[in-house]
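Look at the model first, then read on.

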Amino acid sequence: MICFPPYNPPVFLRNGVVTTVYTTLWGKRYWQNTTPHLEPQYHKTVLMGGQNVPIFCLIAIPENAHSTIVGTYGITGDLENEWFLRLLGRKAYAQGFAVVLFDWRAHGKTAELSPTLTSDGLFEGEDFVRIAAGAAAMGCPSKFWFTGFSLGGQLALWGLKAAADLTNGTEYFGLKYSDIGGGAVICPNLDATRSLSYLVRHPVGKYLEQSIAKNLKKLAWRIHDHHPGTLDLEAIKRANTIWDFDNELVIKRLGFPSVETYYAASSPLQLLPEISKPSLIIYAADDPLFHPELVPELQATCDSNPKIDLLMTRYGGHMGYLSSKKGQIQAQDADPWWAWNRVLQWLEYIRKF
């Protein structure tokens, strides 16, 4: 495994909740001032995902691109406001990666194109593979690297599973198994049942859950506005928690009898032993969104699979990882975005093999 520099946060960011909230608010306002890299000239397009669901994508291919990153974001949002993903796009493009960013099912412009709801990876995994195939046809070079953060990290892990299932020994829309490089994810959701139960009982986490649930409700109303009659109005009104959203709007469409069975089927901790492509997982032990008991389980599971490099940190929160000035110097980073810098460092190392 590559030797990574340690994560060294400012003293006041050595608390998972504080790190998560502060980085989200500070980053949203100042992220563009932290990088000299300009926004790539993205080409807007629609590529077909699994089950022929149209997926809105942004694609940028630099001169002499050497490989391609395919990525998406977390549980809510869209490409217009997901600054953390757009930051990756700038940094990766500057390092010679072609970049494919997409609004996943029920999000952003993809929600305007189709009323198809989320499945937390069960179908989004195939979306990653189909998007890679479509991007290859547009000139994006292999190898393809799947990435994401939070729930987007969960989707990317499912993408690696789908890539193995769909391309191993055959071609899938012209894509071969050898065209897939691997994956790199930050703070992926691993076990929805345990983490959601932990979150709603946490004195601060319950407010984070309420905020996410409000955004999910907005997502449902947006689908309703663009595709009248496709969602039950009363079900949307009843969807006041994350659990309610999945119970009222998702599980019946996917054929699950309960939210518990849906979460058990879609949570990716079970997938890790099957990952067959080089993969990096960055995970903070103080992540306030996920149950702490997952930390030793993740470590043990990754230890048993030589294809996975686990970068477990003491601090970092959920999508925090904002370095101190001292930390930047130690890591020789040009900006404070420690996690993305490690992803790109790992990709530069691993893609040469």
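## Terms and model

In what follows, Ala, Val, Leu, Ile, Met, Phe, Trp, Tyr, Cys and Pro count as nonpolar. Asp, Glu, Lys and Arg count as charged, and the others, Gly among them, as polar. The model is predicted.

## The largest pocket

The largest pocket has a volume of about 1,400 Å³. Its lining takes in 47 residues. Nearest the centre lie Ile75, Thr76, Glu82, Ile212 and Asn215. Two or more lining residues come from each of α1 (16-30), α2 (83-94), α3 (108-113), α6 (192-201), α7 (205-226) and α9 (242-254).

Which helix gives the largest share of this lining? It is α7, with eight residues. By class, the lining of the largest pocket holds 23 nonpolar, 16 polar and eight charged residues.

## The second largest pocket

The second largest pocket has a volume of about 210 Å³. It is lined by 14 residues. Lys91, Gln95, Asp333, Asn341 and Leu344 lie nearest its centre.

Helix α13 (residues 338-350) supplies the largest share of the lining, five residues. The lining of the second largest pocket divides into three nonpolar, six polar and five charged residues.

Strands β1 (residues 43-48) and β2 (residues 54-60) run antiparallel. Six bridges join them. Within this pairing, histidine 43 stands opposite isoleucine 59 in β2.

Five residues lie between the strands of the hairpin. Glutamine 51 takes a positive phi there, near 55°.

Conventions. Residues numbered from 1 in each chain as written. Predicted model: local features only at pLDDT ≥ 70, side-chain atom pairs only at ≥ 80, totals over all residues. Heavy atoms only, no water. 1 Å grid on protein atoms, 1.4 Å probe; cavity = no way out; pocket = protein on both sides within 12 Å on 5 of 7 lines; lining within 4 Å. Points joined across faces, edges and corners; volume = space filled by probe spheres on them. Helix = DSSP H or I, 4+ residues; strand = E, 2+ residues; numbered from the N terminus. Pairing = 2+ DSSP bridges.
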